[in-house]
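Dear colleague,

Please find below the structure that I am handing over to you. My findings follow directly after it.

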Amino acid sequence: MDLAELYVLIKRFEGLRLTPYICPAGVWTCGWGSTGPDVFPGRAWTREYAAQRMEADAIKFARGTLAACPALAGNPLSAIADFAYNLGLGRLRASTLRKRVNAGDWDGAKIELRKWVNGGGRRLPGLVIRREAECALL
C-alpha cells in the first residue's frame with residue numbers, strides 16, 4: 001500500500017505543531033493533526049514522535065478506508081483516507097461519499113467531498129482547499 005500522497009496531504013493540511021492545541025472542531029490535537037488519549041495540555045511532542053504517530057495514524061486510516069471502500073488503491077485511496085484522517089472513519093462509513101466511491105461514481109464523489117468544508121460551525125477556507133486537493137487525486 002503506497003501512502004506517499006496521503007503523507008503529503010496530511011503534512012500539507014495539518015501542519016506540524018508540537019504543542020497540543022484545540023482544533024476548530026474543539027478536539028485536543030498535536031503533531032500533524034493527531035488526536036487521542038496521548039494528546040493533552042502540557043504534553044509537548046518531539047518532531048520524531050509526531051512523525052511516527054502521523055505514519056501510524058495514516059496507516060490506521062488507510063486500512064479503515066479500505067475496509068469501507070475495498071476497491072480503492074493508489075491516489076484515490078490517499079484522497080479518501082485523507083478525508084477519513086481529517087473527519088474520522090465513522091463519518092466516512094456513514095457518508096454518501098462512501099456510497100459514491102463504492103459505486104465508482106467519481107464525479108459524485110467529488111460533489112460529496114466538496115460538502116465537507118465546515119469546522120466548528122463555519123466554512124473554513126483551509127478545508128475548501130483540502131477537499132479540492134483530494135478531488136484532484138480522484
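Predicted model: local features only at pLDDT ≥ 70, side-chain atom pairs only at ≥ 80, totals over all residues.

Residues are numbered from 1 along each chain as its sequence is written, and side-chain values use heavy atoms, with hydrogens and water left out.

Helix pair. Two packed helices are described by the angle between their axes and the distance between the axes. For α1 (residues 4-14) and α3 (residues 74-87), the angle is about 35° and the axes lie 8 Å apart. Helices (H or I, at least four residues) and strands (E, at least two) are DSSP runs, numbered from the N terminus. Axes are lines fitted to C-alpha atoms, for helices over the stretch in contact, and angles run from 0 to 180 degrees between N-to-C directions. The crossing of α1 and α3 is right-handed, that is, the near helix is turned clockwise from the far one by less than a right angle. On the α1 side, E5, L6, L9, I10 and E14 make the contact (heavy atoms within 4.5 Å); they meet N75, S78, A79, A81, D82, Y85 and N86 in α3.

Helix α6. In α6 (residues 106-113), G108, A109, E112 and L113 are buried, where buried means under 20% relative accessible area, exposed over 50% and partly exposed in between (1.4 Å probe, protein chains only). These residues cover an arc of only 140° around the axis, so they are on the same side of α6; the arc is that of the directions from the helix axis to the C-beta atoms. The buried residues of α6 pack against α3, α5 (96-102) and α7 (125-137).

Cysteines. A search of the whole structure finds zero disulfides, a disulfide being a pair of cysteine sulfur atoms within 2.5 Å. C23 is buried at 18% relative accessibility, and C135 is buried at 3%.

Aspartates. D38 is found in the loop between β2 (28-31) and α2 (47-68). This residue is buried, with a relative accessible area of 16%, and touches R43, W45, Y49 and R53, not counting residues up to four places away in sequence. D2, in the segment before α1, is exposed at 59%.

Yours sincerely
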